[in-house]
Amino acid sequence: MRSLVHVELIKNLEPIKDADRIELATVLGWQVIVKKGEFKIGDKCRFYEIDSKLPEIEEYEFMRKSKFKIKTMKMKGVISQGLVLPYNGNKEVGEDLTKELGVIHIEQETPKEEIKKHKGFFAKWLFIIKKKLGLTPKPVRIPFPRFIKITDQTRVQNIRDLKEMYKNMTKTYFIVPYTEKLDGCSATYYVKGNHFGICSRNFELTRNADGSTSHYFHIAEKYNIEEKLKALKKKKEVDMIYVQGEIIGPGIQKNNYKLQSKEFRLFNAGYSDDLDCGCTSLFSTSEALGIKSVPLLGSVELPDFEDVSNLIKISKRNSSLNKNVKAEGIVIRSIDNKYSFKVINPDYLLENQND
Ligand code: AMP
Ligand code: MN
């Protein structure tokens with residue numbers, strides 16, 4: 001489960017132009033508007049990340065008009081992401097508070113909402129009993145293959161020691177390419193031995209999966225992925241080959257790019273003898289398979305970017321798939337593929353978050 005609330009330090013405080021009741025705090029790499037005078041630099045605080053949903057209790061009453069949801073917002077021309085409240089406990093910086101504070105993810109339903117979905121007294125009652133006994137149905141899915149990494153990316157603002165990461169990332173290379181982050185859904189395809197595997201973000205899917213996962217199969221067919229992977233695997237004389245990418249298009253997220261049909265864009269590839277084969281080989285694999293990669297946008301010189309705000313600036317751009325819409329952000333990946341993180345465009349969040 002994602003850690004949504006954790007103990008952090010107030011790293012910096014600065015005034016906001018034309019505002020005398022609020023100021024701008026830096027917590028990790030995040031910029032958050034706080035009440036003026038409530039904190040000093042170095043104070044411990046509770047930091048609630050965007051996408052948190054707070055319980056409806058007295059302490060959070062001021063969040064009622066926002067439906068107790070923490071989102072990206074803009075005030076006095078300044079972007080604020082997260083909520084910072086005082087902390088008096090004795091936990092260490094970085095320790096998780098999500099569960100004990102009863103905070104859930106925006107998209108998770110509260111127990112009340114879950115029960116509400118069941119119409120009629122009997123249905124509600126049956127659901128509660130089943131839930132208590134742990135009998136609520138779970139879909140059948142195979143675990144994600146152990147030899148492939150899942151596609152999750154850390155948000156740059158959450159990296160506790162960016163300097164340390166940069167030191168490792170730049171041992172051999174200073175210039176690091178970045179690609180556009182596409183807002184669709186993650187898919188992994190692989191061939192090991194003679195087995196062709198199709199995976200969603202966290203699971204391998206079986207052929208009898210229900211209709212809701214069918215776009216993974218649709219893409220496999222549309223791009224002939226099984227055949228292409230098997231051919232390349234043979235050519236490379238390896239035991240395993242995999243590709244990972246984003247499925248975008250109608251019916252996926254909000255089809256931000258206004259595509260006419262579903263498409264697949266590669267962002268990672270690897271072979272059994274080189275599991276993290278890095279971005280040069282991503283582009284060559286993409287060419288070898290005849291499947292486009294995510295858009296390559298440019299490169300950054302990492303030591304210049306210890307200040308997260310510079311990376312945020314780069315992330316504020318329009319999509320190269322459709323110049324009329326904002327890009328979701330960028331993904332930065334070291335050449336050897338060992339380090340990567342995402343920088344989400346705050347303007348994209350401002351436009352695309354639900355109520
Ligand atoms: P998020 O969508 O915020 O959970 O961020 C992680 C996801 O971004 C990964 O699981 C990928 O599916 C997706 N993604 C989209 N574009 C890219 C890209 N250019 N490089 C890497 N991952 C990407
Ligand atoms: Mn996504």
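**Domains and the ligand site**

The C-alpha centres of domain 1 and domain 2 are 33 Å apart. Both belong to a predicted model whose protein chain is divided into domain 1 (5-106), domain 2 (110-139) and domain 3 (141-351). With these bounds in hand, the reader can turn to ligand 1.

The space that ligand 1 takes up is the largest pocket. Around ligand 1 there are 14 residues, and the closest of them are Thr151, Glu180, Lys181, Glu246 and Lys342. By class, the residues of this shell divide into 6 charged, 4 polar and 4 nonpolar.

Strand E13 (175-181) and strand E20 (329-333) each supply at least two of the shell residues around ligand 1. The largest share, 3 residues, comes from E13.

Individual side chains can then be followed to the ligand. Glu246 has a polar side-chain atom 2.5 Å from an oxygen atom of ligand 1. For Lys181, a polar side-chain atom lies 2.7 Å from an oxygen atom of ligand 1. Arg201 also places a polar side-chain atom by the ligand, 2.8 Å from an oxygen atom of ligand 1. On its own, ligand 1 has 490 Å² of accessible area, and the protein covers 91% of that area.

Definitions and conventions: Residues are numbered from 1 along each chain as its sequence is written. Chains are lettered from A and ligands numbered from 1 in the order in which they are written. This is a predicted model: local features need pLDDT of at least 70, side-chain atom pairs count only at pLDDT 80 or more; totals for chains, interfaces and linings use all residues. Side-chain values use heavy atoms; hydrogens and water are left out. Domain bounds come from an automatic or database domain assignment. A residue is near a molecule or strand if one of its heavy atoms lies within 4 Å of it. A polar contact is a pair of N or O atoms within 3.5 Å; within protein, one must be able to donate a hydrogen and the other to accept it, and residues adjacent in sequence count only if both atoms are side-chain atoms. Accessible areas come from the Shrake-Rupley method with a 1.4 Å probe; for residues, only the protein chains shown count as cover. On a 1 Å grid over the protein atoms alone, a cavity is a set of points where a 1.4 Å probe fits but cannot get out, and a pocket is an open set with protein on both sides within 12 Å along at least five of seven lines; lining residues have an atom within 4 Å of a point. A molecule sits in a cavity or pocket if more than half of its atoms lie within 2 Å of its grid points. Helices (H or I, at least four residues) and strands (E, at least two) are DSSP runs, numbered from the N terminus. Ala, Val, Leu, Ile, Met, Phe, Trp, Tyr, Cys and Pro count as nonpolar, Asp, Glu, Lys and Arg as charged, and the others, Gly among them, as polar.
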